[in-house]
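Take a look at the model below. Keep the sequence beside you as you read.

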Amino acid sequence: MLTFPEFDAQAIHRDLRNILSEEYISTSLFERLNNALDPWPDELSKERLPYIVVRPETTEEVSRLLKYSNENRIPVFVRGSGTGLTGASRYSVKGIVLNTNRLTSLEVQKDYGYFECGPGHRALAIQEALDARGYFLPMAPGSIRIATLGGIISNNTSGHVVDACLGKPADYVLGLEVVLPSGEVLETGTKSLRKPAGTDLTKLFVGGDGLLGVITKIRLRLVPAMKKAYGVAFFEDLAPLARGVQRMYYENAPLPLFMEFMDKNSATVGFKLQGLQPPPGPVIIFLTLGHTDEEASQKADRLVEVLKKEKPIQAQKIEDMEYWQTIWRVREVMLPYLMQEGKGAFAGCEIVSTLANLQECLQDAIKMSDDMPTLRGMDSFVFGHIGALTIHVDYILPAEWPAVKKVAAVTEVLQKEAEINLKYGTCGGEWGQFSKRNPFYLKRYGEQNYKLVIEMKKLFDPNNILNPGILMDL
Ligand SMILES: Cc1cc2nc3c(=O)[nH]c(=O)nc-3n(C[C@H](O)[C@H](O)[C@H](O)COP(=O)(O)OP(=O)(O)OC[C@H]3O[C@@H](n4cnc5c(N)ncnc54)[C@H](O)[C@@H]3O)c2cc1C
């Protein structure tokens, strides 16, 4: 149980004026609410609303802010866009929210082969800036339009990207600037394209779940833009679809950048909203990369050939860009589409399969509501990054359900996610490890492992002021 004393919000406000200009400190109820909401709004409570929201612009301001909070033992919550799905962006106690949306420097250093940016940039803005210069951003969560690079790096998530094709953000981060909870500023990594061998603290902060420090600058390798080709396949049901994905790996076919799938239920909603005929069954869509159009196209041909061995209703390369954009949109904005159509909130999870068990794991995912009391009998929407062996199972919770029932549904789904991921010896590959996933982490890796994480947190943050509540007390 986390306990922090009640602080005097006015006194905090007064002190913070010595660090930041008044216009970047807010105590308005709207700002406090807006900076405390995450994708699980029903869990927000009045008692946990932050005292104050601050928007620093420089590393020095972040440093002074943390030093002040540390000396006064006031909790600080780092906020990118608040889209994190494990509950890490939902605060356990009252505190100061450090919103990163003014930490938005960007320098493309072509001579050095990297770019450096502040953590508050939205990923899409970075992607567009890189596109314009002939590079591309090797990470693509479904939330790319809103998620910040700082949030993405803290989760080490690449979203749609097939890990085995392009790797995770950690593979591209050359170095970081981090402010420790004490206010000290740390530089990690290198300015070379040669990444450090041996101990490199960068690795602790990338995918560090926001536990150890505030990332204030990110140095990422520039990745040249590649040529792309596209494909689609419709199947009778999910078993041959899963076998097609397995075949892609087993036959050493070229791995695509993205390979997404939607079951018939979810695809039908999206296709309808895009004005397309409902699909005849579950769908795979994929995108291949090449140094030339020909190379990308040959890879797509090879994938179509491999998928055809599982006798899909139809599998083909897509030449019509308008069609590709339309079906890509169906997948990319699947969650908002489902909520719009179902007029409700969602409960969802991230099941990760092993390659060998993909068919069985998909079956487990489809049947997961059978033993969930709140969601039994409800329609599920199954989709995800099948090329990366990730399956999302989502349920739309009717708006009229009371908050307590919606919270129960979210909890059930994550418990079931844990059960299935434990069964296959996997773990979430996108959303981070702790908060709502603490019980899973303990079961999956054991108490000693969890204690080590707690000890590491204590080493960096002895007063537990940074994002308290993401880890639980043992
Ligand atoms: C509609 C929707 C679709 C999504 N699709 C995907 C998907 O396809 N793939 C995927 O992986 N995820 C997906 N997500 C989840 C989410 O977008 C990602 O987890 C994203 O990485 C979080 O970015 P954010 O800026 O919102 O971070 P936040 O939610 O604000 O923060 C996440 C965590 O990182 C910490 N943090 C943020 N910035 C810093 C910093 N500068 N220094 C230290 N710690 C920091 C926070 O304190 C928090 O603990 C989706 C979410 C939504 C709502």
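A residue is buried if 20 or more other C-beta atoms lie within 10 Å of its own, exposed if 12 or fewer, and partly exposed in between, with C-beta atoms placed from the backbone. Phe 235 is buried, as 26 other C-beta atoms lie within 10 Å.

This is a predicted model, where local features need pLDDT of at least 70, side-chain atom pairs count only at pLDDT 80 or more, and totals for chains, interfaces and linings use all residues. Residues are numbered from 1 along each chain as its sequence is written.

Stay with Phe 235 for a moment. Phe 235 is found in the loop between strand E10 (227-234) and helix H8 (238-250). Those labels follow a rule: helices (H or I, at least four residues) and strands (E, at least two) are DSSP runs, numbered from the N terminus. Which residues does Phe 235 contact, leaving aside its neighbours within four places in sequence? They are Pro 240, Leu 241, Gly 281, Pro 282, Pro 312 and Ile 313. Here, two residues are in contact if their C-beta atoms, placed from the backbone, lie within 7 Å. Phe 235 and Asp 364 are 129 residues apart in sequence, and their C-alpha atoms are 19 Å apart in space.

Now go to Val 283, in strand E12 (residues 283-290). Is Val 283 buried or exposed? Val 283 counts as buried, because it has 28 C-beta neighbours inside 10 Å. Neighbours within four places in sequence aside, Val 283 is in contact with Val 232, Phe 234, Phe 261, Met 262 and Ala 267. Ala 315 is 32 residues from Val 283 in sequence, and 9.6 Å from it in space, C-alpha to C-alpha.

Next, the domains. The chain is divided into domain 1 (9-102) and domain 2 (227-332). These bounds come from an automatic or database domain assignment. How far apart are the C-alpha centres of domain 1 and domain 2? They lie 42 Å apart.

Find Val 179 in strand E7 (residues 173-179). Val 179 counts as buried, because it has 27 C-beta neighbours inside 10 Å. Val 179 and Glu 60 are 119 residues apart along the chain, yet 9.0 Å separates their C-alpha atoms.

Turn to the ligand. How many residues surround the ligand? There are 33, and the closest are Gly 80, Gly 84, Gly 142, Gly 150 and Gly 151. A residue is near a molecule if its C-beta atom, placed from the backbone, lies within 6 Å of it. Strand E3 (76-79), helix H5 (149-155) and strand E9 (214-221) are the elements that give two or more residues to this shell. H5 supplies the largest share, five residues. By class, the shell has twelve nonpolar, 18 polar and three charged residues. Ala, Val, Leu, Ile, Met, Phe, Trp, Tyr, Cys and Pro count as nonpolar, Asp, Glu, Lys and Arg as charged, and the others, Gly among them, as polar.

Two loop residues come next. Lys 311 sits in the loop between helix H10 (293-308) and strand E13 (314-318). Its phi is near 50 degrees, a positive value in a residue other than glycine. Lys 311 counts as exposed, because it has 12 C-beta neighbours inside 10 Å. Leu 389 is found in the loop between strand E15 (381-384) and strand E16 (390-398). The phi of Leu 389 is near 65 degrees, again a positive value in a residue other than glycine. Leu 389 counts as buried, because it has 26 C-beta neighbours inside 10 Å.

Finally, look at a helix pair. Helix H15 (residues 438-445) and helix H16 (residues 447-460) pack at an angle of about 125 degrees, with their axes 6 Å apart. That angle makes H15 oblique to H16. Axes are lines fitted to C-alpha atoms, for helices over the stretch in contact, and angles run from 0 to 180 degrees between N-to-C directions. Angles under 35 degrees count as roughly parallel, over 145 as roughly antiparallel, 65 to 115 as roughly perpendicular and the rest as oblique.
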